[in-house]
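Reader: I've got a model open and want to learn how to read it. Could you walk me through it?

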Amino acid sequence: MTASTIPSVPNTTFPKLGRQDLLADPSNRITENSLTVRDNRSGKVITIPIQHNAIPATAFKALKVSAPEGTEVDLDDHNNGIRISDQGFLNTAAITSKITFIDGDKGFLMHRGYPIEQLAEKSDFLETAYLLIFGSLPDKDQDTTWRYEVMHHTALAEDAMKVIGSLRYDSHPMSVFISAFSAMAAFAPEANPALQGRDLYQKNKDILNKNIIRIIGKAGTVAAAAMRVRMNRPFIAPKSNYSYCENILYMMDAVANGEDYKPDPRLVKALDILFILHADHEMNCSTATMTHVGSSLVDPYSAVAAAAAALYGPLHGGANEAVIRMCEKIGSVENVPSFLEKVKRKEELLFGFGHRVYRNTDPRSNIIKKVTESVFEACGREPLIDVATALRDAALKDPWFVERKLYPNVDFWSGLCYRAMGFPLDFFPVLFAVPRVAGWLAHWKQNLDQGNGKIWRPRQLYIGEQKRDYVGREEREEREVTSHKEGVLELPVCIVSDEYWVDGLTLGQHYQSKRRLELSKL
Ligand code: CMC
């Protein structure tokens, strides 16, 4: 049946909606703001209200059909309605939120209604964190209390320090960051819903606020401690009378510079603006992780550790580090065209370019570009800026990138900025994680406040084997080896001259697996 032959549809059914309160509208009428869907398998028609230009996925549960005749196990679950398939969440709104808005086509970003440009110019990190978490700019008293409380919760417990101190100088600072938050969870039984009751944070707003304050206060100290581990130097206690970013720079550098050390105010200001720009960005990978993990009602320290792990990857918060490695690899401006050709052949990725939501400029990248210039004035020019600028200019003119709407994102310039400030490469993602803690907590709190109480549990489309019977080891057919590449085979586990090989492992790992397999044979 073609689209033109589908008859006009009567309002026959109205599906029971899910618990997404904002979307639920039991009006049961075809209105202008609704979507009518006809299931051509059964002829069934449903009408779904559109709210906020969205429809609830649960509405499609009403479109049930029988499994094909003779099906023993219905792998496609026909009886429970149509499922929405969206790998990578390309078009799925998983929450309703009042925190951050992005217009990706216009390159516009605002937090709680305030454009990012105004916050970067007029606010500071702690005030922006308050805004994100509590919904409005603080009045004078709230502002004083908030700053006092955060800065008086910067110290880490001795035991947590011992855990951090036990990590080696060559540990990636993000691993230190993640481990520190896991350790803090262990040292805070009073903040653990597993021990104190699952509704600990819903019932007691003081405990909720106290732990938000503790986590924001300690995130900066953990970052500084990660740097000290990297330097193989003792930790330095925080100074609660310093500003948030001033204190972080102090804890990293004070011994070399003396106890009264005051970091350069130009660098403090630059870091503060970078922190504002990184504080939140709605449902990005790490914030979605925080929300997902938080939906199990685990304690917020463990949830922050999980979110930090999500941020660590090179497609997310690790991109600023990857940009510098890419610029170093390119080496000089003359090599830019050949590098871009490799990108177009999909042999390389242009790190610091592209974004799931922005299909125009990332407004944060324009602000960071200016901050980078101010950092160069204070610390000297970072030579890789020439390669980066040539990359940007060439990519913005090249139809391949223009057609795909690829523009510099927040990470393109921030790496250069951090590099000029003297931070080691592997430390960059930590400088992304510390401010993003504010956004993670804002979303965590919002979800608790909304009281949805639903654990995040997506569905899957099973495309594996149908039900089959177990075959004993002796009766199984031997599989043939089909390919062999430098000691690594493409088959999962197979036998070559009486030796076991495992797919995708390096030789060193292979021997370990081989040993394990041989042991398991005994
Ligand atoms: N370099 C080369 N090609 C790219 C890039 C890139 N950076 N980004 C996207 N593309 C290509 C992609 O391969 C696809 O090509 P085709 O149409 O030929 O298949 C096309 O552009 C459209 O991209 P997409 O599939 O819609 O991109 P996505 O939304 O799935 O991925 C992204 C978004 C940020 C993961 C991706 O752009 C990327 O990998 N960028 C580099 C890493 C990076 O800078 N990450 C930081 C993101 S901003 C801060 C943050 O969120 O942490």
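Reader: What is the mean pLDDT of the protein chain?

Author: pLDDT is the predictor's confidence in each residue, from 0 to 100. Here the mean for the protein chain is 87, with 86% of residues at 70 or more. This is a predicted model, so local features need pLDDT of at least 70 and side-chain atom pairs count only at 80 or more, while totals for chains, interfaces and linings use all residues. Residues are numbered from 1 along each chain as its sequence is written, and side-chain values use heavy atoms, leaving out hydrogens and water.

Reader: How many helices and strands does the protein chain have?

Author: Both are DSSP runs numbered from the N terminus: helices are H or I with at least four residues, strands E with at least two. The protein chain comes to 20 helices and seven strands.

Reader: Which residues of helix 12 are buried, and what do they pack against?

Author: Buried means under 20% relative accessible area, exposed over 50%, and partly exposed in between (1.4 Å probe, protein chains only). In helix 12 the buried residues include Tyr301, Val304 and Leu311. The helix's buried residues pack against several helices, among them helix 5 (173-186), helix 8 (205-231) and helix 19 (428-450).

Reader: Helix 8 holds Lys218. Which side chain of opposite charge is nearest to Lys218?

Author: For charges, Lys and Arg count as positive, Asp and Glu as negative; His and the chain ends are not counted. A salt bridge needs a side-chain nitrogen of Lys or Arg within 4 Å of a carboxyl oxygen of Asp or Glu. Lys218 is buried and has none: Glu190, the nearest opposite charge, is 9.2 Å away. Still, a polar atom of the Lys218 side chain lies 2.6 Å from the backbone oxygen of Ala155. Beyond four places in sequence, Lys218 touches residues including His153 and Met184.

Notes:
Contact = heavy atoms within 4.5 Å. Polar contact = N/O pair within 3.5 Å; in protein donor to acceptor, adjacent residues only side chain to side chain.
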